[in-house]
Amino acid sequence: MRMPAPDDGVIARRREIIAALRAIVPGEGVIADESELRAYECDGLTAYRQLPMVVVLPSTTEQVSWVLRTCKEMGVKVVPRGAGTSLSGGALPLADGVLLGMGKFNRILDIDFANRCVVTQPGVTNLGISNAVAHEAFYYAPDPSSQIACTIGGNIAENSGGVHCLKYGLTTNNVLGLEMVLMDGTILRLGGKHLDAGGYDLMGIVTGSEGLLGVVTEVTVRILKKPATARAVLIGFPTSEQGGDCVAAIIAAGIIPGGMEMMDRPAIHAAEDFVHAGYPLDVEALLIVELDGPAAEVDHLIDQVAEIARSKGCCYSRVSTSEEERLSFWAGRKAAFPAVGRISPDYYCMDGTIPRKALPLVLHRMQEMSDRYALRVANVFHAGDGNLHPLILYDANKPGELERAEAFGNDILRLCVEVGGVLTGEHGVGVEKRDLMTDQFDEVDLDQQQRIKCAFDPDGLLNPGKVFPKLHRCAELGRVHIHKGELRFPDIPRF
Amino acid sequence: MTVTTVKPDSAVQAADAVRWALSEGTPLDVAGSGSKRGLGRPIQTACTLDLSGLSGVVAYEAEELVLTARAGTPMAEILPMLAERRQQLAFEPQDLGALFGQPEGQGTLGGVISCGLAGPRRISAGSARDHTLGIEGVNGRGDLYKGGGKVVKNVTGYDVPKLMAGSFGTLTVLTELTVKVLPAPEDVRTLLLAGREDAGAVAVLTAALQSPYDVSGAAHLPAAVAARSHVRAVAAAGGAVTLVRVEGFGPSVTARVAALTEELGADAVLDRDESRAVWKEVRDVAYFGPSPASAGEGRGGGDDSRHVWKISVQPSEGPRVAESIRWALDAELYFDWGGGLIWAAVAPTADSATAIRGALGTAGHATLVRAPEDVRITAEVFHPLPEPVMALSRRVKESFDPCGILNPGRMYAGV
């Protein structure tokens, strides 16, 4: 993984830059000591590490504005960071860059049940929002697996999702308003407690922009009333094809479950060995389908789902009869990653989306790759929306295995694109999938995306080296290669 | 001015047409069926780019919840195709034919997304932008490019499709769109509460939306508006009508209607057909359309000289904003989105925009949806943006269309 070459001129001015930051954020808000910087050297993608030049931890929007403006004036790159749980290296520091940590923005500002929204600072955790409104039986719907730790600001940067997302949408579908700061220090407010922001959907382009367009300093999210009940059904199939067919048939029947997850045999065995959830061990695919809503609806649909499963040849089916049993169904799925961690020294978690109908083909091809790379793979899968999470098992202490695991992972993601899917469904591109972007987008597509970047950050100082495989200068992207009279199209019919 | 119409029949031809326009320095009026010409600021261009030739569904796979169609595909083709598989566009695209006194069913998919049109289910299912997964189109440089993807879950690169929704053709000539489709509800019922004042009605709607019963429509029609409904139970209520919609599987709808009736009270429960009819009226702002002779008694307000505004506000502020508008102007209005959307038909005066936006303050935004062309030329049709947001919007426009040839000025001067 190559990052943009550090600018020695900037590094030479390190003391001057630190002094400028200390003038904005006093005291412990600026970290320059190497041992303390170590805590920031990577995010959730620990394979890549880099000490930042300096860390700054502002606590007000004005400080963020001054930090960014000052960095722009001094020509210094900035990497924004929430809790650092990104799995794609989105918050990987730069040797010649300032790491802007948003952890001090940790207060919920307004809980507004009448308008069904919460105004919060970005450093509040995803689960913290749900907890703050739980006493009125409300919650915030998007539920990334890291929700206990990840921040809502980071969720916006990555457009995070989770098990609930098929029914309740991603972050982008649940954000009403933002306050953000551009690289030149400009403070903007988009949207608010009302619906639709007016003008261009700038909030839509900022959400999921992986920290390349601006730094979010305040967020308004919508909250929902908790469903009255939730029940889950565990369904086992002799083949993954039948599992996939069952998922398609449930959707075709008009049922959108609150969660629909699938595991393959290796993942089932690892999870069962770890948490003893009572999973069947003689099936090739295990589905967990959760239905939530009013009791009458859930009871009605769970029968339908069980019937569909039977018609698709399931060999195991168990409906939860208590909250405890429902949670036990999920315990295995939620522990699938650490469970796989127990059977392999290391594992590499991939993230791509496919059209669901391609699942049998993708699983088959993945097995071929597994044989070719001589590395095992276990699969957990957001079956409802086609978001795959293959876990590639390897041992970092064996020479060459990490590289083989990465090559295997890249092949899987290319396969996702080949069958009509995309490189990432929820982890983001970051540095991890940056160089694969050309597999999904051609140069014209990427140039247009980078021109959007230029509208927000013309000097390219915000989180460079992430998402885009090639850095362009905005001036170069701005040229229009059409001249008068050069092109005419007399064959186009005119009326 | 002689107006040339260029009608490409492929995306490549559309790109050729944009490059031709660019080389000639000729701005383009980008249009599908032309049914939404009345929306936005009028533009004067010597050339119209007619996308109605880019028609047809490219792929529809119900199990994948995804439909891809060329931009000029009529909604009248898409909606029945979805209905056949018991699916729908869950954001409930509006059909503004009734409001503009035109035939219904004229719009295209590209037009619906470009204008960001969403109906009552906006409160639960999101807007057009939330269902736009992928696009292909031609930017103002003549480049044919794509953004987003063709699966329901994707965070690869910038979410360009979101930016297209509600951009009124000013950023890209859309040639193909991929949208998320969802199951259509098996059944629908509507609680009707009669005689509530605005504030009391919005309190009922708030209680409904705070319940766990998945309310998918929450509107309030003051007496004069309710009287224009085609739905007998609504018109005959003899006063204001507050409506709460419940959709889904049969047993679920029955249970939820019972629970809501117990919690909120109800003077009547509208059946499936009545529900569908009244929410279509609410969705399409039919109450403020002129009364075509064919539509029969009660249809429309019969006064198309009134300017119609769409006002988005935080729901709790809806009654206050409505009261301020009524105090300042001769206005008829009704509420959707639980009080968060006010549709207002106001008698034309020079200062109505100022009065409406003054009533709103910073609590939301107001768009002039129907007014004669000479008014829309001078008025700020879209809500004025704070200067930093406006400046950024201009730069975003330039990033797609540096020479300003796509629908110039349709949204804001210079954009």
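This is a predicted model: local features need pLDDT of at least 70, side-chain atom pairs count only at pLDDT 80 or more; totals for chains, interfaces and linings use all residues.
Local features require pLDDT of at least 70 and side-chain atom pairs pLDDT 80 or more, whereas totals for chains, interfaces and linings use all residues; side-chain values use heavy atoms, without hydrogens and water. Residues are numbered from 1 along each chain as its sequence is written, and chains are lettered from A in the order in which they are written.

A search of the whole structure gives one disulfide over all chains, a disulfide being a pair of cysteine sulfur atoms within 2.5 Å. The bond joins Cys454(A) to Cys474(A), with an S to S distance of 2.0 Å. Cys454(A) belongs to helix H17 (residues 443–456) and Cys474(A) to helix H18 (residues 474–477) of chain A, so the link ties together parts 20 residues apart in sequence. Helices are DSSP runs (H or I, at least four residues) numbered from the N terminus. Cys454(A) is buried at 14% relative accessible area, where buried means under 20% (1.4 Å probe, protein chains only). Cys150(A) is in no disulfide, and the nearest cysteine sulfur, that of Cys165(A), is 11 Å away. Cys150(A) is also buried, at 3%.

In chain B, the axes of helix H6 (residues 198–209) and helix H11 (residues 318–328) come within 9 Å and cross at roughly 155°. Axes are lines fitted to C-alpha atoms over the stretch in contact, with angles from 0 to 180 degrees between N-to-C directions. H6(B) and H11(B) are therefore roughly antiparallel, a term for angles over 145 degrees. Asp198(B), Ala199(B) and Val202(B) of H6(B) meet Pro319(B), Ala322(B) and Arg326(B) of H11(B), contact meaning heavy atoms within 4.5 Å.

Notes
Helices (H or I, at least four residues) and strands (E, at least two) are DSSP runs, numbered from the N terminus. Buried means under 20% relative accessible area, exposed over 50%, partly exposed in between (1.4 Å probe, protein chains only). Angles under 35 degrees count as roughly parallel, over 145 as roughly antiparallel, 65 to 115 as roughly perpendicular and the rest as oblique.
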